[in-house]
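Here's a quick briefing to read with the model open. Have a look at it first, then come back for the notes.

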Amino acid sequence: MDSQAHSPATSEPAGVRRLLIGVALVFLAVFLVLPLVAVFAKAFENGVLPYLQAIVEPDTLDAIRLTLLTAAIAVPLNVLFGLSASWAIAKFDFVGKNFLITLIDLPFSVSPVISGMVFVLLFGAQGLLGPWLIEHDIRIIFTPIGIVLATTFVTFPFVARELIPLMEAQGREEEEAAITLGAGGLRTFLKVTLPNAKWGLLYGVILCNARAMGEFGAVSVVSGHIRGLTNTMPLQIEVLYNDHKFVAAFAVASLLTLLALATLAAKSVVEWKSRRAFRFDVTPDP
Amino acid sequence: MAFQLKKPSPLPGFGLTLGFTIFYLSLIVLIPLSSLFIKTASLSWQEFFSTISSPRVLASYRLSFVASMIAAAINTVFGVLLAWVLVRYSFPGKKLIDGLVDLPFALPTAVAGITLTTLYAQTGWLGQWFAKVGIKTAYSELGIIIALTFISLPFVVRTVQPVLEDVQKEVEEAAASLGAGRFKTFMRVILPEMRPALLTGFALAFARALGEYGSVVFISGNMPMKTEITPLLIMTKLEQFEYSEATAIAVVMLCVSFLILLLINLINWRSQRLMVAR
C-alpha cells in the first residue's frame, strides 16, 4: 500500500495528500468524535456522584433490566434462525433461493416506525387480532412481549446475513466428506460447519445485539412508555431528556455509547481473526 | 432431465432447516408486514388519496425526501474522500479511524439524537457559532440534515472502499503514461470504476435516511408543515389512534423503500454482468 504512495505517476503531490487527509479528519472529528466526547462530557457534567445516582435510579435500572431481557430473547432466536437459514441456503440448491434471501433482508429496508406499527395493526386493540386477544385477555402491545417482538423483527436479518455468504464461500465438500465417512447430520454440523463459521456467527451476534439493545423507533411504537414496565434504555433516555434531566439522560446514553464502542472494537477483532483464519485456510502447508 | 425443485444432495436436514426458516420468517416478518397491506385494502380509494394528498402529509414527504437526498449527497462526496484517504494514504491512527467510521451503525439513534441536539442547540458547542452568524441549526431543516448525515455516514465509505482497493495500478500508470494528470485520471479512469458502488452507497444512505426516526425526533423541533418528517407524522397518527391514516402514509413510504431496494439490486446485477462481459 505504501509503495504506490511514492510513485509520482500513481499518487498525488504531498501537499494535495495532506490537504485530503486534513479535510477527511476534520469531517470525522466534527461528525463522529465530537458527539462521542459530548456524550461523556454531559454525563459527567456534575461529577461522578450524580452520574452514578442517575444510573441506580429505580426506573433506569428497570429499563436496563428490560433491555438486557429483550436482547437475551431476541438474539438467540435470530441466531437459531440464522443457522437454520444459512444451512438450507448455503448447502443446498433449490428454486426460489434468491427470492428467499431478498425476503430475509426485508426488515432492513423498513423504517423502524413502520416495523413497530405492523405489530400495532396486528395485535393492537383496533388491530386484526385485537378483538380475539381482548376476549382471551392477552395483551401484547404496550407490554414487554410487544417490545421483544418488535426488536426481533428489526434484528431479524443480522445473523443470517453474515452467515449465508460465508457458508456459501466455504462450499460443501467438507460436510459431504463427513457424511460419507459416516458422521450424522448434527455431528457434521457441530464438528465441521460450526467451527468454520464461528467468526461470522460471532460477528452477526455482535451486530444483532447492538441493534437489539439500541433500537428506538420500532420499540417506541409498541411500548406505550410505561415507566418501570415497558421502557427500554433508549426509551428511558427520551423520557429523561424530555423531563429536562439532562445529566441522567446522558448517563444512560453513555452506557449505550460504551456498548457501541465495545461493539466496534469486537467487530475489528473478529474481522482481523477471520481474515487470519481465512489466510491459514488458503495457504497450503509447505 | 425432469424439472426439479431441489438438486439432490448427500447432506441431510434440508427439509427441517428450510421448514423452520420459512416458518420463522412468516411468523416474525411476513405475517406482521402483511397486516399493513390488509389494513390498506380495507381503506377506500378516496380515504387513501385524501390522506396522502393532505398538505401536512405532502409537506412531510417533501421534507423527508429532500433532506435525505441532501444527506446522502453530502455523504457521497465525503464518503469518496474518506474511502480514498483510507485506502490510498497511510497516516498515524488510520486503523482507529477506519474502525470509527462504523460508529453511526453501532450508536443507538436515541443517543445520536440527544447528543447532536445538545451540540447544535443555540448554546451548544457547535450551535453557538452558527447562532452568531444567524443560522439556526437545531430545531430547523438544517438540524434534520445534520442528523440524517450522521446516521447514513458509513454507507458510501463501506461500498466504495473495496472497489478502490481492487482498482488496478496498471490502469492508472497507463493513464499517466498517456499524459493524463492525476485529476484527469481520477475523473476519467477511477471514478467510472467506482460508479456502481457509489450509486449503491448513495441509495442505501438515502433509504436509511428516509426511514430514520430516533435521531431526528430530538433535533427537528417537530413542527407540522415545517420540520415534521414522515416517520414522525406516522408516529403522531398512531398516538392519536388514527390507524387508517397512519397506514396510508406508511404504505407509500414502504413502496418507495422497496423501489430503492429494487434499484440497488438492478445496479448490482448490471455491474456484475458488465464484469462478466469484460
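How much of chain B counts as buried? Of its 278 residues, 44% do, where buried takes 20 or more other C-beta atoms (placed from the backbone) within 10 Å of a residue's own. Bear in mind that this is a predicted model, with local features needing pLDDT of at least 70, side-chain atom pairs counting only at pLDDT 80 or more, and totals for chains, interfaces and linings using all residues. Residues are numbered from 1 along each chain as its sequence is written, and chains are lettered from A in the order in which they are written.

**Chain B**
- Chain B has 14 helices and zero strands, taken as DSSP runs (H or I, at least four residues, for helices; E, at least two, for strands) numbered from the N terminus.
- Its C-alpha trace spans about 75 × 65 × 35 Å along the principal axes.

**Where the chains meet**
- In all, 76 residues of chain A are in contact with 74 of chain B, contact being C-beta atoms, placed from the backbone, within 7 Å.
- Helix 2 (residues 14-43) of chain A gives the most to chain A's side, with 14 residues.

**One helix pair**
- Helix 13 (residues 233-242) of chain A packs against helix 6 (residues 109-120) of chain B at about 25°, axes 8 Å apart, the axes being lines fitted to C-alpha atoms over the stretch in contact and angles running from 0 to 180 degrees between N-to-C directions.
- That angle makes the two helices roughly parallel (under 35 degrees).
- P234(A), I237(A), E238(A) and Y241(A) meet A110(B), V111(B) and I114(B) here.

Terms used
Parallel < 35°, antiparallel > 145°, perpendicular 65-115°, else oblique. Contact = placed C-beta atoms within 7 Å. Buried ≥ 20, exposed ≤ 12 C-beta atoms within 10 Å, placed from the backbone.
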